[in-house]
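User: Please take me through this protein model, overall fold first and one residue after that.
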Amino acid sequence: MRKRILSLTLLFTTLTVMETFAQKTIEILTKNTALILQTDHENSLLSTYLGKRLTDINEYPTILGLDKFKPGSDDLLNKREAYIASGSLNLLEPGLSITHADGNKSTVLSFATVEEQQVDKNRKLTSIVLKDKKYNFQVRLNYLAYYDEDVIEQWVEINHNEKSSITLNKYASANLTLSGKKFFLKSHYSGWGREMRSEEQQLLHGIKTLDSKLGTRNNLLHSSSFMVSVDQPATEDTGEVIAGSLEWSGNFRLDFETFDEYYLRITAGINNFASNYTLKPGENFITPRFVYTYSSEGKGLASRNMQNWARTYQLLEGKGERLSILNNWETTYFDFNDEKLKHLIEDTKKLGVDVFLLDDGWFGNKYPRNQANAGLGDWEYNKQKLKNGISALGKESTANGVKFGIWLEPEMVNPKSELYEKHPDWIIRQPERKEYYMRNQLVLDLTNPKVQDFIYNVVDQTFKEVPELAFIKWDCNSLIYNANSPTLKNQDHFYIEYVRGLNAVLERIRAKYPKVPMMLCAGGGTRVDYAALKYFTEFWPSDNTNPFDRIFIQWEYSYYFPSIAVDNHITDMGKQPIKFKTDVAMMGKLGYDVRVNELPEKDLLFSQNAVKLYNSFKDIIWHGDQYRLQDPYENKAASIAYVNANKEQAIIFNYYVSTIYETGIALPIKLKGLDPAKKYNIKEINLYPGTTSPIDAQKIYSGDFLMKIGFNPEVNSKRTSVILQLQAIAP
Ligand code: DGJ
């Protein structure tokens, strides 16, 4: 008997020893940020810290022990797992939910291996494999740290070798657990003409979900970019904040779950809505990347981190040049012909911009595209409107010393089209149900390789027809009703395969035409995500070009996207003077959609000079650091500065936004990002002909003075916009 007890004790001790694991700390570090992962005694991988980097790396393992989260025995057990699977310990919102081959729904992930790879001087990839001991199932967590930009991209690879297929019920790209006393979410809601409206709210207990189930136009209702502040709402320059964005051009889901007193869990990934994904043994499912940055110095720094990262690594040609545009959409709509376009091409030259961009309405013969209800899908030039075809327009442009660009909406089809008649099987719909349209159109089934070929060929053929083609505007005006592919075997894969199909086409286009600038447009700005921006040089933020509204729209995009990517056009919308419109558009990529021939003489002269002036400083707007100086929601004037890398030059935009009678701004606006030791000269630029500036261009100020005291641009109801140019002077 005694012997038995002894051997049982021995067995128990052995088991206990076997089950206790040495704790391992994994540091994912950037210049100022640390994301700390640590295994616990059960070999689970925990996320113990995301925040400011510590001076001494040896102190990171201590963090976990100081978190005294110990729920009572009547409370929920919980761990700060780095990637949270469901079906065992975790009863909160999971990142991963699996139905295993045997039908079991529980997954328990244990740490297996970690590999680190220095990709280059600035980037380090940390890959961690977690395995489920009960199943032949694993996930690989990837963390790509961008040192200088303080940015981390996180994504997951899921694979298994179970006896048969498993089902991925939820498969997020990332879980982040934050500690703090309170959390505040800045998010964005949109609609046509009202993109990127912003709200900031405290995340009270429970889950706040931001998502899309729209298929295409993923940001029509919500943006997939957000900011979360810890403890209190961060300001521009103070407070802890995380800015994040999901790199996925389809259905997304962001869950923000606050639990107990001090925790927020952010789960970001593809929306699992109607998308239980079947994964065969040996297959690898790769989630999209979730990109984020942590800033301990407010939202301004978080934005600059995102913008720097995007320009250097994500946005196509982010560090390159851009072409300025004259677009005909708002000046002609569908009503044009060779003759009219000839004049517009000449006007492009007259204005001094680079490209004439021919918008919607140039195609369709059996069903001419004279309105938004016909012709989409029939990409042959309309012989009535364009007697000599689009190739002649390319030549005409070259002859006039400008470039030629064209609008395409290749993912779509009007029911009134030859394409619809010939290929009903290429269209997303439920044949037994009523068809619903958005802007009179349906979406082509990009899950079908034949449709992918068709779309690729539309683009390729356009290039062949117009060898001079220098710019493409790629539009997408419908979301997906009646989601159903006529050919896809597993409809649960539909939403994911759509995006994969789109990416495959864009990859092919970019393989053949790597650098041709392309504008991403979706009935305004409702598909603006960093997955798409890998293939596009810029995006159309909104069909709302009223310059007053645009101050706010552009302000909000700037939290996540660099100005080089934002197409701002001067149009007839809004009653403001052309000077105001131009000043607003200059805070990004300047372009036009105006009837140049109808501009009053002085407006034309002003615009011609404005284009030249813009060309002289655009490098600072496109590649410099952006500082939001004064918020238009809380002040009579908005103020935004761009400072070049060596802090020698800056451009500051000031817009008067008061709608009730005011006397103008009284107090100086403090500048940011200058060199305190440098001396600067300040000049007002882009004056309307015949006007003078009250600003003394001879006076010299130190950077120190301008950042501590500020400068008054003297905007008021008569001087509604003022652009200032700062130039450091030689000591
Ligand atoms: C929607 C876009 O946002 C507009 O700029 C224009 O291209 C129209 N589509 C054309 O149909």
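This is a predicted model: local features need pLDDT of at least 70, side-chain atom pairs count only at pLDDT 80 or more; totals for chains, interfaces and linings use all residues.

Analyst: Residues are numbered from 1 along each chain as its sequence is written, and side-chain values use heavy atoms, with hydrogens and water left out.

User: What radius of gyration does the protein have, and why does it agree with a compact globule?
Analyst: The radius is taken over C-alpha atoms, and the globule rule is 2.2 Å times the number of residues to the power 0.38. For 731 residues that rule gives a value near 27 Å, so the protein agrees with it at 28 Å.

User: What percentage of the residues of the protein count as buried?
Analyst: Buried means under 20% relative accessible area (1.4 Å probe, protein chains only). Of the 731 residues, the share that counts as buried is 60%.

User: Is Asn568 buried or exposed?
Analyst: Asn568 sits in strand S29, residues 567-571; strands are DSSP runs of E with at least two residues, numbered from the N terminus. Its relative accessible area is 1%, so Asn568 is buried.

User: Which side chain does a polar contact of 2.9 Å join to that of Asn568?
Analyst: A polar contact is a pair of N or O atoms within 3.5 Å; within protein, one must be able to donate a hydrogen and the other to accept it, and residues adjacent in sequence count only if both atoms are side-chain atoms. At 2.9 Å, the partner of Asn568 is Arg550.

How values were computed. Buried means under 20% relative accessible area, exposed over 50%, partly exposed in between (1.4 Å probe, protein chains only). Helices (H or I, at least four residues) and strands (E, at least two) are DSSP runs, numbered from the N terminus.
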